[in-house]
Amino acid sequence: MGRLFRRFVSRVTTPGEDLRDRVLHGGLWATALNVTDRALRIVYLVVLARLLSPSAFGLLGIALVTKTVLSTLSNPGIEPAFVQRTDANAERYLDTIWVFYAVRGTVVAVAAFVLAPVVASLFGAPGATPVVRAVGATELLRGLVNPAVLSFRRDLEFHKQFAYTASGTAVEFAVAVGGALLWGSVWALVAGIAASRTVRLLVSYLLSGYRPSVEFDAGAARELLSFGKWIWATTLVVLLATMGDDVVVGWALATAALGFYQVSFRLSNAPATEVTHVISSVTVPAYAKIRDDPTALRTAYGRTLRVTSAVVVPMAAGVALVAPAFVPVTMGSAWTPMVPAMQILAAAGLVRAVIGVGGALFKGAGVPQWDFWTNAVRAAVIAVTIWPLTDGWGIAGAAASVALGAVAALPLWLVGTTATSGLSVTAHARSVLGPLAGTAAMAGPVIAVRQQTVIGLVAAIIVGIVVYTVTTATVYHFQSEDALTDLRSMSG
């Protein structure tokens, strides 16, 4: 028995030698990581929504927007540039990355401290000044993390990535909930972030024997930046697409409105986009290894798109369908104003999840410019529509702007994925036909049984799962598509 257990542990913790085994092993751990992390995040939001006010989340939102803007502007995309590299001596870049991120963390923390009063004045929230400074200071800890954590993704060692990420999330959850019970203010959320950063810093060195030194290789930096320039450009347009709405909501409406909006965004986008994140984290390095084999690349991308669509379409639709019952039952009636925005953002999350599958293809295949232009279209549409829609319809209008931006990016995304993978437009359409049919079939029954009670909420979820599964399986049968085969074949 002990021998079997040791073999099981070895199998789970040690990836195989060939690409198929390593991708499958990585996919299992990436799935476990994101399911665990996202489940904790959702419980975290629901519990803290019961303990804290929307204004507390709004103050934290102001701080997170500030930190994200500063971090994005100072990040030239060297992380994905490193993950994408396949040469045997890729470790030589780590010291350079560590020096860069240590300096960057210091710059972000100082900038947040200096700019905090300006940001607070811009949002009309004087209480945000110390919060912005405290959240910015946590970037000092982030900047000192062992750069070897980047190798976990590059080498598909997701069991280590699981330990690194999940440890921080669990500690953040415990500290934030404890702080909310003791203080009942935004400082509970800030304490959770600081605790998470501290734990991940420590764990990053426990999981790897690599120890960085203060050495900066200008040649290595130039190599990373030559690829990272498109990643950096993409992060800028993604920043506009994902943070522009927060800025407008916080500035044009109120701190509480920003709290409603950010919580609705996290809850509505989490299921669909996190599934894509799981798959993308595995497929980017896998695509990089097969990008010179057109047939393998087309097959892998096609299967990934089918599996992703089969999961994210019903998840996003399910969030929109159950939101009117989920919010009052789990979070309380005080949060019901965010339901319309949550439903619209769920639709936007579905489109973003599908676009994310192409983003992984573009990065892994070495053509990140396609990802940039796709997100540039998305950001441009949001920039044009965000103010009039928010001014007219509040947070629901902001959500509609985000949805319009995502939909507008689809045509260019389709051109890019077709050109890069060789997968036809017809094959793209067939990938989503079954999930769309199953989702359409489940909508009526879910609406019919959902109620603002725990039993009604659970019944709606169960009915949705059953109807979707039966309908989608039927469509796959007539398409001669086997979803289970696709799931198993993703490692190919």
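The following dialogue examines how terms are applied to this predicted model.

Biologist: On what basis are residues and atoms counted here?

Modeller: Residues are numbered from 1 along each chain as its sequence is written, and side-chain values use heavy atoms, without hydrogens and water. As the model is predicted, local features need pLDDT of at least 70 and side-chain atom pairs count only at pLDDT 80 or more, whereas totals for chains, interfaces and linings use all residues.

Biologist: How many helices and strands does the protein have?

Modeller: The protein has 17 helices and zero strands. Both are DSSP runs numbered from the N terminus, helices being H or I of at least four residues and strands E of at least two.

Biologist: What makes Val46 buried or exposed?

Modeller: Buried means under 20% relative accessible area, exposed over 50%, and partly exposed in between, with a 1.4 Å probe and protein chains only. Val46 has a relative accessible area of 15%, and therefore counts as buried. Of the 492 residues of the protein, 53% count as buried.

Biologist: Where is Val46 placed, and which residues does Val46 touch?

Modeller: Val46 lies in helix H2 (residues 19-51). Residues up to four places away in sequence aside, Val46 touches Phe326, Thr330 and Met331, where contact means heavy atoms within 4.5 Å.

Biologist: What makes a set of residues a nonpolar core?

Modeller: A nonpolar core consists of buried Ala, Val, Leu, Ile, Met, Phe, Trp, Tyr and Cys residues joined through side-chain atoms within 4.5 Å. The largest one has 80 residues, among which Leu48, Trp335 and Met338 touch the most other members. Helix H12 (residues 294-330) supplies the largest share of this core, eleven residues. A second, separate core of 19 residues includes Ile290, Leu297, Val354 and Ala409.

Biologist: Which residues are in contact with Trp335, leaving aside its neighbours within four places in sequence?

Modeller: They are Ala49, Leu52, Ser53, Pro54, Phe57, Gly259, Phe260, Val263 and Val327.

Biologist: How do you know whether helices H13 and H14 are roughly parallel or roughly antiparallel?

Modeller: Axes are lines fitted to C-alpha atoms, for helices over the stretch in contact, and angles run from 0 to 180 degrees between N-to-C directions. Angles under 35 degrees count as roughly parallel, over 145 as roughly antiparallel, 65 to 115 as roughly perpendicular and the rest as oblique. Helix H13 (residues 339-364) and helix H14 (residues 368-421) pack at about 20°, with axes 9 Å apart. H13 is therefore roughly parallel to H14. Their contact has 23 nonpolar, seven polar and four charged residues; Ala, Val, Leu, Ile, Met, Phe, Trp, Tyr, Cys and Pro count as nonpolar, Asp, Glu, Lys and Arg as charged, and the others, Gly among them, as polar.

Biologist: Why is H3 called oblique to H6?

Modeller: The axes of helix H3 (residues 54-73) and helix H6 (residues 128-143) cross at roughly 45° and come within 8 Å. That angle makes H3 oblique to H6. By class, this contact has nine nonpolar, two polar and three charged residues.

Biologist: What makes H6 roughly parallel to H9?

Modeller: The axes of H6 and helix H9 (residues 187-206) cross at roughly 5° and come within 9 Å. The pair is therefore roughly parallel. Ten nonpolar, two polar and three charged residues form the contact of H6 with H9.
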